[in-house]
Amino acid sequence: MPLSRRAGLAVAIAGSAVAATVLPFTAHAESTVLYVDNAVAGCSDKGTGTQSQPFCTVQAAADVAEPGQTVRLAAFRQFTGQVTVKRSGQPGKPIVFEGDTTYGTPNTTVDASGQGSTGPHAFVLDGVHDVTVSDLSIEAPQEAVLVKDSTRIALDRTHVNAGGTATGPGAAANIRVTGTSSNVTVSRNRVYAPPVAGVAIDAGVTGAVVTTNIIADGTGRGVLVTDAPGTVVVSNTIARNCGNDLELAGMSSRATVENNILSKDPAPSGCGVLVPTTVPLAVSADSVQSTKVDYNTVVSLVRSMTSYSWGGTSYATPQDFRATGQGAHDNAAELRFVNDKPVAAEGLTDAADPFALGLLSTDFYGKEPADHPDIANTAPSGYRDRGAVELQDPLAVYLSGVPYSQENHPLNARFTVNYYPGWGRESAKLDFGDGSAPVTIAPGDRVIDHDYPAAGSHTATLTVTSQAGEVGKATAPVHLSPVPQPSTRVWWNYGDRSRAQIVLNARSVSPWPIVRHTVDFGDGTAPVVSEGPNANPSILHEYGVGGSYTITATVTDDHGRSASSTQTFGIPGPQAGVPFTGYFGGPSSHNGVFDNGLWTLSYNKTDSQPGSTWYFGNPGDIPVVGNWDYTCQCQHAIYRPSTAAFDLSRRDGSISHVPFGNPGDLPAVGSWDRNGHDQVAIYRPTTAEFWVRHDDGTYSSLHFGNPGDVPIVGDWDGVHHSQFGLFRPAANPWEPNLFIFRHDDGSYSTVTYGNQGDLPVVGDWSGAGRTSYGIFRPGNHQFTLNNSYAGRPDNVYTIYNNYN
């Protein structure tokens, strides 16, 4: 018989009068499934067992199940009480009771030992045929599963635990097959702590197969066969039981005992004096006829003790036992278990008969055979292991991945590789899941970085192949966020103000390397292009004249993405600027010069360096000073004639943008509402009109002067609020300038002062409580302030700034 590599359960007993076949478990169509779930609020034992309205109890489903139907018990549920199966399947169409093994072991329980349960058994199959029970955890006070007078029964992949005592009327086996039962297969079950026997095959039973089970740690026997000829006990791990591990009692001839691990080393605690009187394998005198024993590993508690009892004669070792003509390949190989799995050893690994009756194609865990490269095969034509577990290549593979953005590598992911040695040398490859060629992982490599070509979700796969041909795979998903667009910004400082020269700095950011900067200085000159990895260029540029210029910087990264930013700067040239006046602390007004965004303030009315300087505004703006926030001091502002808007600097550092007027208007700020702070106003030179914007949102106007006049505002009457005034520049060099003051009573007064080319200034120079007048001479930065209203000489002085 060739070795089958098909997963599932297929048992064939060749050369026997009886053949038992348990079909592989297959998925059933939805109409062939009856659902049981006692946690569903709408469950009903009077329904039809649909997934939306399952049965509440297993018994209700058992009472209506038809051949070919599967009774599916919900995962992570416990069902109490005895289940008595009264209905039968058909050959090839069994009734299947199936639990859940999502995590490798049964997590659905049928428990007849708990509160509210009925009956001593969890499952009773009495007088039925073609029934399978699988993938369940089963508990009961006596036999957990009782099969009586039934045929073609399979108990597969369950965990079984039964109560009772070793002797007396309460004596119980975990699984008992009794009566006239035939062709019953007990396979791949984990049988815990059997009190009398893990599996009991009683008198009258024929064609029973006990295969690939783990039966351990009990106070009684492992497997007890009594007066049941032809029983097959193959590929089981029966260990650490107080009683005989495997006993053929009464008349149980023609039995097959192969490929088993039968061990009393070490013995379980609590056995007392029982262990020295028991043996791993006991075969009665009436059971030795035509019974085959071979390819077993038999280990007694102490090597000098009895390992076999054969027809009433004891044999200490497998070598001694060969005198009977049996056990030609039996041994006492060194045993060591880890979680019920034996560790590789000579005589145990790749040492089983691959043609043994009742041998399954897969082991206790559903794994196919694996050939250990370092252990010689000692059985004919195969590499099956002894016991219930096929030792697998221990190769373990792990992979994790996380986004790991680095400079110039925004779509980088970092993978951590771990794999544990298998049988022989391994080869490892990592496929990043983006179409790129997989990379070979050298021994010792544990951290691998990879640049992905695009954002999104990717799944990397690590494949490790051992010398023995075992393949381990692990996957790791990574999600990479879209790459931010590049950005750039520029700022400047002066190189030489008198030459309209600036130093421009560009700061550009891109997740990928910057390869080109282009700067257009906005004055008609050719843009400056910087190629290569210089990401922070500093460029000296000289303008022909001072003025307002819009500079555009464009950056390009090595992925061809570009971004631009613009900034308008006021570039001071060799020009004198315009004067401003305001209360910046103290009882009298202070003067300063505004030069294309640079404010220069002097607190003294004598020749001196400026008291302070700051930047606010652009070339072409007009300086404005006023009390916007009800304070005793003024705040600076600008009026931009090109856009007809005020920008008021507030005490809290914010800027108020106030559109008012038309392009070409001039500012005329003053205390027009007499409420403790100033309001904005404009003078329209083309029509000689003042317009005031009041706090309540209304406007008022006054026609005053001639086109071309310059507005001035002051408290000419000393009444603590503003009046309008005009400055009329001299038309000829020999004529003086004319100041015109409008008073509260509607009258006017005039005075001449200064020469052609002078600019007007008004303020309270001596702290007398009213406004006087003066002029600023741009050619030499000289202020001349009239103090006749206070009976003092005029103030004449120059403000020296840093570009005189």
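Trp672, Tyr683, Phe690, Phe704, Phe724 and Tyr748 are joined into a cluster by ring pairs. Rings of Phe, Tyr and Trp (its six-membered ring) pair if their centres lie within 6.5 Å; planes under 30 degrees apart count as stacked, over 60 as edge-to-face and the rest as tilted. The model is predicted: local features need pLDDT of at least 70, side-chain atom pairs count only at pLDDT 80 or more, and totals for chains, interfaces and linings use all residues. Numbering starts from 1 along each chain as its sequence is written, and side-chain values use heavy atoms, with hydrogens and water left out.

| Pair | Centre to centre | Angle between planes | Class |
|---|---|---|---|
| Phe739 and Tyr773 | 5.3 Å | 35° | tilted |
| Phe776 and Phe783 | 4.7 Å | 45° | tilted |

Phe739 in strand β60 (residues 738-742) and Tyr773 in strand β63 (residues 772-777) are 34 residues apart, and their pair links distant parts of the chain. Strands (E, at least two residues) are DSSP runs, numbered from the N terminus. Both Phe739 and Tyr773 are buried, where buried means under 20% relative accessible area (1.4 Å probe, protein chains only). Phe776 has a relative accessible area of 0% and is buried; Phe783, also at 0%, counts as buried.

An open sheet is formed by three strands in the order β32-β33-β36, with antiparallel pairing; two strands pair if DSSP finds at least two bridges between them. The edge strands β32 (396-403) and β36 (447-451) each have a single partner, so one side of each lacks a neighbour in the sheet. From one strand to the next, the twist averages 25°. Eight bridges join β32 and β33 (residues 412-420), and Ala396 has Tyr420 in β33 as its bridge partner. Five bridges join β33 and β36, where Arg414 is partnered by Asp449 of β36.

Note on methods: Helices (H or I, at least four residues) and strands (E, at least two) are DSSP runs, numbered from the N terminus. Axes are lines fitted to C-alpha atoms, for helices over the stretch in contact, and angles run from 0 to 180 degrees between N-to-C directions. Buried means under 20% relative accessible area, exposed over 50%, partly exposed in between (1.4 Å probe, protein chains only).
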